[in-house]
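Could you walk me through this model with a few questions and answers?

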Amino acid sequence: MPPVQVSKICCIGAGYVGGPTCAVIAFKCPHISVTIVDLNQARIDAWNSSDFKLPIYEPGLVDVVKHARGRNLFFSTDVDKAIQEADLIFVSVNTPTKKSGVGAGFAADLNYVELATRRIAAVAHSSKIVVEKSTVPCRTAESMRTILEANSRPGCRFDILSNPEFLAEGTAIEDLLAPDRVLIGSLQTPDGLNACESLANVYANWVPKERVLTVGLWSSELSKLAANAMLAQRISSINALSAICEATGANIDEVAHAIGFDSRIGPKFLRASVGFGGSCFQKDILNLVYLSESLHLPQVAAYWRQVVEMNEYQKSRFSKTVVDTLFNTITGKHIAVLGFAFKADTGDTRESPAISLVRDFLSERAYVTIYDPQVEEAQIWLDLSEACPLVPLETIKKQVTIASSALDACKNMEAVVIATEWKEFREINWDSVYKNMNKPAFVFDGRMLVDADALRAIGFKVKVIGRGERV
Ligand code: UDX
Ligand code: ADP
């Protein structure tokens with residue numbers, strides 16, 4: 001049998017991965033009808049909203065959706081219908097770290113993947129290619145295959161592929177339009193290879209052939225965890241070095257620049273910061289740790305665990321610098337936190353280092369004012385409630401204010417903390433900020449964003465991550 005020509009795609013999960021990915025597929029493949037489904041009615045309504053107030057902020061996404069929505073891109077809560085009509089189904093549901101039970105704190109919660117898979121088995125009348133898009137531990141595809149085979153109707157066959165997504169938030173559309181690579185894992189059987197070719201043909205509409213890598217199912221699953229672990233490891237390595245810089249008077253920017261010139265190392269992903277956040281790095285490394293432990297490889301588990309531990313250290317080291325510098329106490333002091341998203345150009349706050357910083361400041365009984373250009377107020381309250389489970393939200397609200405601009409946030413503060421590298425923070429009028437702050441006025445830059453000398457000339461006391469003052 002020749003490979004199926006895909007004409008209808010269904011994507012289960014309209015989140016940060018499924019939404020942009022399948023919107024770009026629809027944009028690039030006008031001959032394929034793409035329906036993105038989700039159980040969350042509010043999310044789907046936002047994707048369908050007439051004013052294009054989409055549920056996620058991602059530069060360039062609105063244009064892609066404007067182009068394709070209603071033409072060959074549809075958003076719906078009718079999961080069953082979309083499954084039934086599709087020849088290829090992406091499973092792009094959330095896979096958070098388990099909060100309870102076996103593997104709590106490390107293993108992935110595969111409940112959503114399993115429910116989506118069971119739904120496919122329950123309602124499909126015809127054969128499907130089922131593509132695992134969510135980040136999942138190794139061998140999840142095998143479990144999906146078992147569920148599908150055990151529950152399918154006669155005459156329905158399911159081919160499982162793993163097609164991990166490598167987009168980064170904030171640059172998702174660029175990443176999807178010109179990916180470094182597309183990875184497709186399949187069983188190395190004739191049917192598996194055929195299914196792989198069907199999906200590769202979809203990407204062939206805009207991705208050069210040599211960038212589509214086809215591998216075994218388990219290599220594909222592991223590659224996703226490995227790529228994120230290696231990227232996060234670079235950040236933890238540079239952050240570990242930033243601590244040495246601060247203690248010795250070296251400058252982490254100069255060190256990163258120097259080492260990045262080695263073509264074997266390369267310059268990317270060497271930006272010291274207050275710590276990495278996002279929905280993937282920590283989760284995927286903890287998955288790798290759990291997998292290593294399950295495979296009786298404790299040294300491997302300990303190695304990767306250290307990447308996450310270094311990240312925790314970096315966040316708490318930064319909080320401690322703030323406290324130490326403000327004369328060893330921030331009780332009753334006023335601190336502006338600029339940026340709450342885990343990186344610039346996204347409204348996503350999952351694992352954002354800003355959450356840890358604010359939690360630390362609150363536990364020292366400081367007053368905190370937060371400003372972020374994209375994060376919704378309700379999200380900030382939710383994140384802080386989760387970060388401080390023993391403190392009632394009303395108490396948190398007495399200590400925290402949410403401002404509507406960076407200038408407003410800094411008024412009457414003792415210190416400003418930069419937690420996210422939003423472009424607009426590079427353009428802040430620091431003269432005005434200084435005039436309206438209590439003195440001495442401090443700036444703590446967790447993103448190496450300000451011109452420290454210019455700020456010092458205004459009168460600020462400045463601490464930048466990775467920059468020592470002693471020579
Ligand atoms: C990451 C991977 O890059 C992507 O390939 C994968 O599909 C999902 O996980 P994402 O988490 O969206 O993407 O953003 P990324 O740009 O990787 O940043 C993650 C975190 O690391 C952010 O908090 C960012 O600020 C931080 N970071 C990144 C640094 O601190 N220094 C750097 O040099 C790069
Ligand atoms: P990611 O960042 O991996 O895309 P998100 O949490 O942003 O994760 O998105 C996952 C989406 O999947 C959510 O909108 C959630 O409502 C949806 N979802 C989870 N389980 C199902 C399911 N069984 N059927 C349809 N949608 C689902």
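**Ligands and sheet**

Me: How do the residues of the shell around ligand 2 divide by class?
Reply: This is a predicted model, where local features need pLDDT of at least 70, side-chain atom pairs count only at pLDDT 80 or more, and totals for chains, interfaces and linings use all residues. Residues are numbered from 1 along each chain as written, while chains are lettered from A and ligands numbered from 1 in written order. Nonpolar covers Ala, Val, Leu, Ile, Met, Phe, Trp, Tyr, Cys and Pro, charged covers Asp, Glu, Lys and Arg, and the others, Gly among them, are polar. The shell holds eleven nonpolar, eight polar and three charged residues.

Me: Which helix gives the most to the shell around ligand 2?
Reply: In that shell are 22 residues, each with its backbone-placed C-beta atom within 6 Å of the ligand. Gly13, Gly15, Tyr16, Val17 and Asn94 are the closest. With four residues, the top contributor is helix 5 (residues 111-123).

Me: Which strands stand at the edges of the eight-stranded sheet?
Reply: This open sheet has mixed pairing and runs in the order 3-2-1-4-5-6-7-8. Each edge strand has a single partner, so one side is left without a neighbour in the sheet. They are strand 3 (73-76) and strand 8 (212-216).

Definitions and conventions:
Helices (H or I, at least four residues) and strands (E, at least two) are DSSP runs, numbered from the N terminus. Two strands pair if DSSP finds at least two bridges between them.
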